[in-house]
Amino acid sequence: MNIGEKICQLRKERGMTQEMLAEQLVISAQAISKWERGIANPDLELIPRIAKLFSISTDELLGLSSPKAAESELEKRITSLERLLEMLTAKDENASKEIMLREAPRVISYDFVKMSAAEKKLWKPDGLHILDGSRELFMKAVPVPRAFGTTVDPQFIMAGLSIPLDGISRILVKLATVGNRTPHQLQVFFITDRHPEWDEQKSLKTGYPNGKMVTLDLEIHNPLFCGTLTGLRIDPFAMGDGCTEIESVMLLTPQGEVVFEMDAELCKNHVVHLQNEDKLDKVKSPGPILKNAKLQTHLPGISFLSVPAKLMREVWDPMLVCENLKLDANRARFIHLRMKATLFDENRRIYTVGNDQCNAEMKLYFKQEGCEDFTEQRKFSVHYLASGAMQDIYIDTSTNGFWHSTVTALRLDPIENQGASFELARIELLEGTPKVKMSGFMNSLDEKIRRLEQDMDDLRCEVDDLSCVRDDCEDLCEELGSRVDELESRLEELEGKD
């Protein structure tokens with residue numbers, strides 16, 4: 001806006017006509033008209049009078065500054081510079097993203113601090129035990145069984161026994177196995193009231209031939225074979241497949257007296273079938289148990305055919321799953337998680353606060369319409385420090401090409417293969433476009449600063465121009481003063497001649 005446009009704006013704001021303004025300045029209305037049309041500019045000696053008339057500064061009249069505009073522009077500059085400084089001094093890229101996305105619109109937000117108990121139940125824990133549902137979702141990892149392969153491991157189990165072991169020194173097993181590997185190895189496990197877990201320390205082994213009914217006499221020299229016998233387990237072979245017939249199992253004293261004998265016919269009528277991953281405590285029947293085997297009823301005795309079974313092991317694999325979602329993935333540019341993790345010390349059996357070396361990996365899996373399973377293709381992987389401190393983690397969704405259409409489920413794996421406790425405060429999806437990145441934001445700030453610096457240079461040039469005009473005016477005044485002095489001297493000379 002030039003000076004003529006500024007005068008026109010001020011005149012109209014005050015309800016003055018050109019004639020009224022001309023009268024105040026003791027000039028013609030035609031001069032005012034020329035100023036406002038940009039044909040001419042006011043004389044320099046009129047500038048202070050015009051500014052005083054409109055109660056503004058000469059700088060504001062000349063367009064050098066506007067208090068409100070200058071204040072607003074200054075605030076914008078300060079805010080931009082403060083934000084830039086904050087980003088430049090952030091400890092890592094994730095912290096820079098937190099600054100950048102602080103005011104980003106939310107597609108959806110799961111705030112576990114404000115969420116009701118019913119809403120929290122939409123997130124199902126697997127391998128996690130929820131410790132406290134009254135604040136953040138506070139959880140601890142627990143070992144869970146996972147299948148990692150298959151094997152052939154038939155077992156015949158007699159559970160629910162109660163036999164005093166005093167005086168028992170031998171186990172007699174009569175059986176025959178037809179299998180694809182020879183010779184076979186029989187392994188007999190036992191559990192007692194004092195030692196209730198199946199393990200290799202409480203077992204007896206012996207070899208035997210293929211396809212022939214044999215009686216195997218196992219002498220017991222195991223110090224753990226004491227107290228009360230609560231269960232026997234017959235493993236006819238360690239590996240391979242085949243059909244086994246067990247005719248009898250007996251417990252004997254050194255003198256050959258039978259303390260216990262299995263009734264094969266009774267066992268056949270009450271047998272219970274289990275898979276490898278099934279637990280014995282699920283069995284309510286008092287009868288014998290077959291694991292990883294199928295009963296052959298057309299053969300005499302307890303006859304069973306081995307079947308493949310899943311190999312199971314307990315692992316630390318904590319995860320949190322939310323199904324039945326309907327999220328527009330195309331709107332979500334970033335995923336924000338606010339959480340903390342504290343690692344579990346296996347040696348001391350306590351949860352410990354981590355340090356700078358506790359680099360954990362978090363994975364976030366997702367399902368889409370038409371995709372029924374969580375897959376390695378549909379996941380985000382982020383490394384963070386399990387330091388026991390609450391932290392904000394940001395995931396750039398553009399890093400996975402499958403993130404599009406409608407997301408139907410999310411699965412958070414906060415840590416891999418370790419025991420830990422977790423506090424989850426928030427999961428939210430943030431809006432944005434794929435073109436908006438950190439570099440773009442930084443470039444936009446750089447461009448703003450460049451333009452501001454250019455404006456400052458322009459203002460300095462204008463000030464310099466005005467300074468030159470002022471100097472010219474001062475020179476003109478000096479020249480006029482000299483002319484006046486000359487004229488006064490000439491006048492004095494003329495008066496002297498007279």
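Which residue caps the N-terminal end of α1? N2 does, in this predicted model.

View 1. A side-chain oxygen of N2 lies 3.1 Å from the backbone nitrogen of G4. Helices are DSSP runs of H or I, at least four residues, and strands are runs of E, at least two, numbered from the N terminus. Just after α1, G15 takes a positive phi of about 70°.

View 2. Buried means under 20% relative accessible area (1.4 Å probe, protein chains only).

**View 3. Helix α2 (residues 18-25) against helix α3 (residues 29-36).** The axes, lines fitted to C-alpha atoms over the stretch in contact, come within 8 Å and cross at roughly 115°. Angles run from 0 to 180 degrees between N-to-C directions. The two helices are therefore roughly perpendicular (65 to 115 degrees). Contact means heavy atoms within 4.5 Å. From α2 come Q18, E19, L21, A22 and L25; from α3 come A29, I32, S33, W35 and E36. Six of these residues are nonpolar, two polar and two charged.

**View 4. S306 in strand β17 (residues 302-306).** S306 is buried, with a relative accessible area of 8%. A polar atom of the S306 side chain lies 2.9 Å from the backbone nitrogen of G242.

**Notes.** Residues are numbered from 1 along each chain as its sequence is written, and side-chain values use heavy atoms, without hydrogens and water. Local features need pLDDT of at least 70, side-chain atom pairs count only at pLDDT 80 or more, and totals for chains, interfaces and linings use all residues.

Definitions and conventions
Parallel < 35°, antiparallel > 145°, perpendicular 65-115°, else oblique. Nonpolar A, V, L, I, M, F, W, Y, C, P; charged D, E, K, R; others polar. Buried < 20%, exposed > 50% of the residue type's maximum accessible area, 1.4 Å probe, protein only. Polar contact = N/O pair within 3.5 Å; in protein donor to acceptor, adjacent residues only side chain to side chain.
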